[in-house]
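Please look at the sequence and the model shown here, and follow the paragraphs below with both in view.

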Amino acid sequence: MNQYLNSSEKHCLKYYIGDVSGNNSFWSEPKAYLVLNSLFYDGIETEKARTAEGKFLNPIILDDINRLLDFYDNMFSAFKKCRAERDFITYRVERYSDFLPIFNKNHTVSFTSTSTDGFLDNYRDRKEITLIKFFIPESVSCINIAEVLDFYAKPDEAEILLPPFMHLEIIQTVPTEKEMKITDSDGKSPKNACIAVCSYRNDSDIKERSESLSTDGSKAGQRVYDALNNGKIPVAEDVNIYTEWKREFRRIYKLL
């Protein structure tokens with residue numbers, strides 16, 4: 001059985017899915033996931049892909065290290081409490097550029113939103129897409145959003161959220177005639193399709209994070225975001241500092 005999430009875990013989960021309110025510069029950002037997920041990827045290719053699609057990377061998200069890490073602590077804690085209570089088949093429209101590291105590493109890279117309601121139109125605002133069908137066995141770590149929140153602001157998305165670092169067995173498939181009609185933001189058919197079988201379960205005790213991150217990397221990341229948001233090339237030194245900082249971020253949370 002899934003354990004109940006506490007108020008902080010629910011608050012962070014609602015924030016991640018874009019159920020926000022108020023005027024706090026951090027907690028009112030409805031698309032914070034664009035930044036929150038980008039920290040799990042090597043380099044800045046995923047940040048460049050998002051801004052190329054006209055999306056805004058909010059530098060405020062990196063402004064307070066303790067607040068940022070508290071968010072991730074609560075998300076990983078929530079995943080520890082939640083399991084698939086039966087087998088699920090879910091779907092995701094993924095950027096091809098983000099699919100490649102998933103395929104090469106054989107695991108989810110970041111928090112991964114999937115839907116039990118097919119390939120959602122909401123996520124066809126991407127350039128060059130891959131269609132992924134997930135098989136989620138019973139007892140695998142995941143969060144069924146509608147089941148764990150008292151109020152689900154986006155029930156039409158029928159979302160099951162997968163954690164980073166979940167092992168996947170990926171089988172490439174040929175898109176069906178129907179799937180070829182699912183187009184990206186440029187009206188192009190999917191580059192490919194695949195089946196991903198999830199096979200991760202963590203029964204160990206929750207570990208508390210004992211490490212933090214420097215502000216140098218976050219400040220460099222903010223400068224990288226400002227450049228990309230304005231269609232400019234980031235300073236190479238900022239990119240190096242930021243990507244090294246992200247590498248340390250991933251090391252901390254992979255250990256947990």
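Predicted model: local features only at pLDDT ≥ 70, side-chain atom pairs only at ≥ 80, totals over all residues.

Residues are numbered from 1 along each chain as its sequence is written, and side-chain values use heavy atoms, with hydrogens and water left out.

A cavity is a set of points, on a 1 Å grid over the protein atoms alone, where a 1.4 Å probe fits but cannot get out, and its lining residues have an atom within 4 Å of a point. The model has 2 cavities of 30 Å³ or more, where a volume is the space filled by probe spheres set on the points, which are joined across faces, edges and corners. The largest cavity holds about 90 Å³, and among its 13 lining residues the closest to its centre are Tyr91, Ser113, Ser115, Leu120 and Tyr123.

The second largest cavity has a volume of about 40 Å³, and its lining includes Arg92, Glu94, Ile132 and Phe134. Two or more lining residues come from each of β1, β3 (129-136), β6 (168-173) and β7 (192-198), strands being DSSP runs of E with at least two residues, numbered from the N terminus.

Arg92, which lies in strand β1, counts as buried because its relative accessibility is 10%, the limit being under 20% relative accessible area with a 1.4 Å probe and protein chains only. A polar atom of the Arg92 side chain lies 2.9 Å from the backbone oxygen of Ser113.

Note on methods. 1 Å grid on protein atoms, 1.4 Å probe; cavity = no way out; pocket = protein on both sides within 12 Å on 5 of 7 lines; lining within 4 Å. Helix = DSSP H or I, 4+ residues; strand = E, 2+ residues; numbered from the N terminus. Buried < 20%, exposed > 50% of the residue type's maximum accessible area, 1.4 Å probe, protein only. Polar contact = N/O pair within 3.5 Å; in protein donor to acceptor, adjacent residues only side chain to side chain.
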